[in-house]
Structure formats: structure tokens, C-alpha cells
Amino acid sequence: MPARVEAGHVGVWTGSPDGNIKQLFPSAERRENNYLDAGETLTIPEDGEIVATADGGRERLLVLRASQPFDAVRGERDGPYFVFRNLD
């Protein structure tokens, strides 16, 4: 069965080996509009690049689409990103 294409809010995060989660999009600095209409495409970031560096562990990448906006209140600002630590 093909996946349904729906409009929604998109977010991108990385999870580091130490358990921290960094929100790459929307960024803390730019506050981009992360709402996409069904079938619309998105390039992240619009005017640059994301550079991955080896740090000795496995990182995970998570991309989500949600029907409601994301709440970054629990995140701590770290440069252009929100970082989520100790979320127990």
C-alpha cells in the first residue's frame, strides 16, 4: 500500500551517543516555517549545508511530519540549534 501524502509540520533531529538530541530543523536561530503542504518538497538548510563530523560513536537522524507544530520549550539553545538533554 503506498504511503499517504499529507500536509504537516516537519522536524529534523540527530541523536548523539551521549543521549543528547539536537534539533536541526527548524533551527533556533532562524525559526523557519516548517509547515509543508502535501506533495511540497523541502531542502534543509535552504542556503547552506549540514556537515557531519566523526566523533567516535553512532548518531541517529530522525525526520518527522506531525499534524501539530513542535514545541521546543524544553530545548536549550546552543548556537543555531535547540539541544535536548536529560529528558527523563
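Let me begin with a definition: a residue is called buried when its relative accessible area is under 20%, exposed when that value is over 50%, and partly exposed in between. Please keep those cut-offs in mind, and keep in mind as well that what we are looking at is a predicted model.

With that scale, I can turn to Glu 6, whose relative accessibility is 32%, so that Glu 6 counts as partly exposed. Glu 6 forms a salt bridge with Arg 65, and the closest N and O atoms of the two are 3.4 Å apart. Glu 6 sits in the segment before β1, which covers 8–15, while Arg 65 belongs to strand β4, residues 60–66, and the pair therefore ties together parts that are 59 residues apart in sequence. Arg 65, with a relative accessible area of 40%, is likewise partly exposed. How many salt bridges does the structure hold? The count is one.

Let me step back to the overall arrangement. The protein has six strands and zero helices, and if you read along the sequence the pattern is β-β-β-β-β-β. Of its 88 residues, 26% are buried, and the protein exposes about 6,700 Å², of which carbon and sulfur atoms supply 48%. If we take the contacts between residues at least 6 apart in sequence, 68% of them join residues at least 24 apart.

Gly 8 gives a local example of contacts across the sequence. This glycine lies in strand β1, and its relative accessibility of 2% is why Gly 8 counts as buried. Gly 8 and Asp 37, which are 29 residues apart in sequence, have their C-alpha atoms 6.7 Å apart in space.

Now to the pairing of the strands, where β6 is the one to follow. Strand β2, residues 21–25, pairs with strand β6, residues 81–84, in the antiparallel sense over three bridges, and strand β5, residues 76–78, also pairs with β6 in the antiparallel sense over three bridges. Which residue of β6 is the bridge partner of Arg 77? That partner is Phe 82, and Phe 82 also stands opposite Gln 23. The hairpin of β5 and β6 has two residues between the strands, and there Gly 79 takes a positive phi near 65°.

Finally, I would like to stay with Gln 23, which lies in strand β2. Is this glutamine buried or exposed? Its relative accessibility is 4%, so Gln 23 counts as buried. As for polar partners, the side chain of Gln 23 makes a polar contact with the side chain of Trp 13, at 3.3 Å, and a polar atom of the Gln 23 side chain lies 2.7 Å from the backbone oxygen of Pro 26. Pro 26 lies in the loop between β2 and β3, the latter being 35–36, and the peptide bond that joins Phe 25 and Pro 26 is cis, with omega about -10°.

How values were computed:
Residues numbered from 1 in each chain as written. Predicted model: local features only at pLDDT ≥ 70, side-chain atom pairs only at ≥ 80, totals over all residues. Heavy atoms only, no water. Salt bridge = Lys/Arg side-chain N within 4 Å of Asp/Glu carboxyl O. Helix = DSSP H or I, 4+ residues; strand = E, 2+ residues; numbered from the N terminus. Buried < 20%, exposed > 50% of the residue type's maximum accessible area, 1.4 Å probe, protein only. Contact = heavy atoms within 4.5 Å. Areas by Shrake-Rupley, 256 points an atom, 1.4 Å probe, with all protein chains shown as cover. Pairing = 2+ DSSP bridges. Polar contact = N/O pair within 3.5 Å; in protein donor to acceptor, adjacent residues only side chain to side chain.
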